[in-house]
Amino acid sequence: MNDKQQCCELIVRYGNLSRYEHQCPRAGTYEHDGKLYCKQHHPPTVKVRRDKANEVYTAKNAVAMAAWRIERAAPDLLAVCKIMVNDVGWTQHSPTRKALLAAIAKAEGTDD
Ligand SMILES: [Zn+2]
């Protein structure tokens, strides 16, 4: 392969006690700032790939954080439900009271 057509990216690999560098062997078919890159190392393509990965991470993290907040609040919410179901003057067939009882049963695993 002609060096002028080779990707300019320097690849670094680490062994047990060694460090090995070599130029990417792929063809440099994408130009950026006067240098040639393969598709994998082309800086704008790398940025698009990283931005997309960050978006996926951010979305997954938001879902995990929401679940964690609910999990953290669950004991307090259950305690409040138990207080409300007994202390508030609900009528026997109040939909709110039924919802509270159902939520308590679900939380305590007695809803089956
Ligand atoms: Zn490359």
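A crossing of two helices is called left-handed if the near helix is turned anticlockwise from the far one by less than a right angle. This definition will be needed later in the tour, which concerns a predicted model.

Begin with the whole protein in view. The C-alpha atoms fill a box of roughly 85 × 35 × 25 Å along the principal axes. The radius of gyration is 29 Å, whereas a compact globule of 112 residues would have one near 13 Å. Of the 112 residues, 7% are buried. Among contacts with a separation of 6 or more, 20% join residues 24 or more positions apart.

Next, colour the model by secondary structure. Followed along the sequence, their pattern is β-β-β-β-α-α.

Now select residues 43-87, which form helix 1, and residues 95-108, which form helix 2. How do the two axes meet? They come within 10 Å and cross at roughly 140°. Angles over 145 degrees count as roughly antiparallel and 65 to 115 as roughly perpendicular, with the rest, apart from those under 35, as oblique; helix 1 and helix 2 are therefore oblique to each other. Their crossing is left-handed, in the sense defined at the outset.

Finally, display the side chains where these helices touch. On helix 1, select A74, L78, C81, K82, M84 and V85. On helix 2, the partners in the contact are R97, L100, L101, A103, I104 and A107. Which classes of residue make up this contact? The contact of helix 1 with helix 2 has 10 nonpolar residues, two charged residues and no polar ones.

Conventions: Residues are numbered from 1 along each chain as its sequence is written. This is a predicted model: local features need pLDDT of at least 70, side-chain atom pairs count only at pLDDT 80 or more; totals for chains, interfaces and linings use all residues. Axes are lines fitted to C-alpha atoms, for helices over the stretch in contact, and angles run from 0 to 180 degrees between N-to-C directions. Helices (H or I, at least four residues) and strands (E, at least two) are DSSP runs, numbered from the N terminus. Two residues are in contact if their C-beta atoms, placed from the backbone, lie within 7 Å. Ala, Val, Leu, Ile, Met, Phe, Trp, Tyr, Cys and Pro count as nonpolar, Asp, Glu, Lys and Arg as charged, and the others, Gly among them, as polar. The radius of gyration is taken over C-alpha atoms; the globule rule is 2.2 Å times the number of residues to the power 0.38. A residue is buried if 20 or more other C-beta atoms lie within 10 Å of its own, exposed if 12 or fewer, and partly exposed in between; C-beta atoms are placed from the backbone.
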